[in-house]
Amino acid sequence: MSNYHIKHLEEYFQVYRKSVRNPEGFWEEVAEEHFHWRKKWDTVLEWDFSKPEISWFKGAKLNITENCIDRHLRIRGDKTAILFEPNDPNEEAEHITYNQLHERVCKYANVLKDQGVKKGDRVVVYLPMIPDLAIAILACARIGAIHSVVFAGFSSTALSTRINDCGAKMVLTSDGSYRGKKIIDLKAIVDEALESCPDVKTVLVTKRTGGEVTMKEGRDIWVQPLLDKAYLDCVPEIMDAEDPLFILYTSGSTGRPKGMVHTTGGYMVYTAYSFKNVFQYREEDVYWCTADIGWITGHSYIVYGPLANGATTVMFEGVPSYPDFGRFWEVVQKHKVTQFYTAPTAIRALAKQNLDFVTDYDLSSLKVLGTVGEPINEEAWHWYNDHVGDKKCPIVDTWWQTETGGILISPIPFSTPTKPTYATLPLPGIQPALMDETGEEIKGNQVDGRLCIKFPWPSIARTIWGNHQRYKDTYFSAFEGKYFTGDGALRDEVGYYRITGRVDDVIIVSGHNLGTAPIEDAINEHPAVAESAIVGFPHDIKGNALYGYIILKETGEDRNRDNLKKEINELITDHIGPIAKLDKIQFTEGLPKTRSGKIMRRILRKIASKDTANLGDTSTLLNPEVVESIIKESL
Ligand code: PRX
């Protein structure tokens, strides 16, 4: 029996039982048989969730790029590693072989070194979905620098906050980016961000759109001429298994974004293992994940997981609606994609279009379909299954988080029978628990509760950059001895898990994780605003949309409401990015508060979703009368 590749349900159960009985033995076998280590570990696992401290493969030495690139060169040097599909369908796709990837990563790594980047330095990467993005992060990993990718749709303020938080001295970007019909001046956004980042000494710029940019002397450098001169081999830096590989920011329910720190050895083992099994990847397959590398899905399942398996991974620069809503399917047909992994929000948007956009293309190459990022509703699941998968492709509804590094709950295709809207069963090594509000574990089936994980897995984030206390408070304090996910879930009669959504103040909009606090902070900066509260409400395509309740200052009362709404959304766009714009804004006199002054979002959520019949007991509020008036105003 191979631990590494599960092929049927019986085997899944056997492997799962083994992984729970002896997690160290299980992961040691996987790590030993499938990766290249410069030195083996002294201990497989040391952990203490009360501190919390977790280390996997302590004492081991490796470089992840040797595992993702070098070791494949002998057997698959001429195989396509990255298949780049540009925004414009008339621009030719680029097939980057493992040999070419090796050379490009080495050259980029040498450029970084020449510019003074050293092991442990943080490098912020603000690049669009072009090959340089994947190459740049692998180049960082090659020399032991810690990459922190900031999604290139984020605003200059969001970018500068992240640069300053991780203390980066270098930023990698491009002149601009293409997104459908739009061209975005990325470099201008970087310039603005850097006005408040005095420590950044160097900006390397990739040319993509050819748009005009300002290059600040002594700081900004075009990267191509440096790459042209760079030496084509670069000896990999030998890293400890627990050395940080990257920092990736995610929203919290309060305050600043959290820089989740992922380390090298465990992350590699888990992303590779989960990729192989969840997508049942085979040598000749062409795998496509439509996420952006600015999110964890792109890190783990466009770059590291696939490359560690020697896979061909598609990198798509464009959007599903350009030049029309058939684009995804045109790309599937053109490259004979075998595994296709996307977000429910994209499926819902495409399902609203004429079916011809799908049926015009030959999708017979597809074997496995995946979804991630938010709960998938039944209707979208069936549309995906019927029209994209032709009822022949198992759908893997993969549940996981930035913090978990890899997929934790998912069907294994051709093994686990799927069930619409259910992420189904934990992967080997993952021990979920449902907890009640008193902190007790709820045993048995047909129950629901708060989703925790009881035992560490190799790719769990190890800390929050610069704030270990916050890591402890956020994930390990709600339920003693357990990692708390922030999600609610139910377990059905056969033990399948269904994720029901966030139980904290994080709202998932179009699959993007947004905290209420940073949005409220942005709104409150408006001179006419006294106070605000954001909640989510159901939306056909986005899953959730944002609803803002806003109290104006007396001075703001006379202002034109439409203008105010516009200005508020502009502020949000400036501070966070267009993804956080409010769909609905209600100006109100007051907000329902508990006696300790906490906003009762539960009530606001119900009003926003027009579910006011069941508001529960409001008599304990500090200001119960306000609820009636908010309901009236909302009608
Ligand atoms: O609420 C869950 C939801 O997305 C959250 C994690 O968001 P993020 O860190 O941005 O990572 C997204 C990509 C891994 C989770 O706490 N979520 C993710 N996948 C699913 C999901 N909700 C339901 N079903 C899923 N398959």
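**Entry 1: the three-strand sheet**

I began with an open sheet of three strands, ordered β28-β29-β30, with mixed pairing. Strands here are DSSP runs of E of at least two residues, helices are runs of H or I of at least four, and both are numbered from the N terminus. Two strands pair if DSSP finds at least two bridges between them. I noted the edge strands next: β28 (529-539) and β30 (584-587), each pairing on one side only. From one strand to the next, the twist averages 20°.

Before going on, I wrote down what I was looking at. This is a predicted model, in which local features need pLDDT of at least 70 and side-chain atom pairs count only at pLDDT 80 or more, while totals for chains, interfaces and linings use all residues. Residues are numbered from 1 along each chain as its sequence is written.

I then looked up how β28 meets its partner. β28 and β29 (residues 543-552) pair in the antiparallel sense over 10 bridges. A533 stands opposite Y549 in β29. Helix α18 (residues 601-608) lies across β28 and β29 and runs at about 55° to β28. For such angles, axes are lines fitted to C-alpha atoms, for helices over the stretch in contact, and the values run from 0 to 180 degrees between N-to-C directions. Contact between two residues means that their C-beta atoms, placed from the backbone, lie within 7 Å.

**Entry 2: two annotated spans**

I checked the UniProt record. It places "domain: AMP-binding enzyme C-terminal" at residues 519-598, from an unreviewed entry. UniProt positions are given in the numbering used here, feature names are shortened, and annotations may be inferred rather than shown by experiment. The end C-alpha atoms of residues 519-598 lie 17 Å apart, and the span is 26% helix and 31% strand.

The UniProt annotation "domain: Acetyl-coenzyme A synthetase N-terminal", also marked as an unreviewed entry, covers residues 12-68. I found the end C-alpha atoms of residues 12-68 to lie 26 Å apart, with 47% helix and 25% strand in the span.

**Entry 3: the seven-strand sheet**

Seven strands form an open sheet with mixed pairing, in the order β5-β4-β17-β16-β18-β19-β20. Which strands stand at the edges? They are β5 (94-97) and β20 (395-398); each has a single partner strand, so one side of each is left without a neighbour in the sheet. On average, neighbouring strands of this sheet are turned by 20° against each other, direction ignored.

I followed one pair inside it. β16 (residues 286-289) and β17 (residues 312-316) pair in the parallel sense over three bridges. W288 stands opposite V314 in β17. Helix α5 packs on the sheet, touching β4 (80-85), β5 and β17, and its direction makes about 140° with that of β4.

**Entry 4: two helix pairs**

Two packed helices are described by the angle between their axes and the distance between the axes.

I took α3 (residues 64-76) and α5 (residues 131-143). Their axes come within 8 Å and cross at roughly 120°. α3 and α5 are therefore oblique to each other. The scheme counts angles under 35 degrees as roughly parallel, over 145 as roughly antiparallel, 65 to 115 as roughly perpendicular and the rest as oblique. I64, T65 and C68 of α3 make the contact with L138, A141 and R142 of α5. These residues divide into four nonpolar, one polar and one charged. Ala, Val, Leu, Ile, Met, Phe, Trp, Tyr, Cys and Pro count as nonpolar, Asp, Glu, Lys and Arg as charged, and the others, Gly among them, as polar.

Next I looked at α9 (residues 264-278) and α10 (residues 296-308). They pack at an angle of about 90°, with axes 8 Å apart. α9 and α10 are therefore roughly perpendicular to each other. M268, T271, A272, S274 and F275 in α9 meet S300, Y301, Y304, G305, P306 and A308 in α10. By class, this contact has seven nonpolar, four polar and no charged residues.

**Entry 5: a hairpin and some backbone details**

β22 (residues 447-453) and β24 (residues 483-491) pair antiparallel over six bridges. D448 has L490 as its bridge partner in β24. Five bridges join β24 to β25 (residues 497-502), again antiparallel. In β25, the bridge partner of L490 is R498. The hairpin of β24 and β25 has five residues between the strands, and G495 takes a positive phi near 95° there.

Where does P52 lie? I found P52 in the loop between β1 (43-48) and β2 (53-58). The peptide bond from K51 to P52 is cis, with omega near -20°. A cis peptide bond also joins Y322 and P323, with omega about 0°. P323 is in the loop between β17 and α11 (327-335). Last, I noted K336, in the loop between α11 and β18 (339-342). Its phi is near 50°, a positive value in a residue other than glycine.
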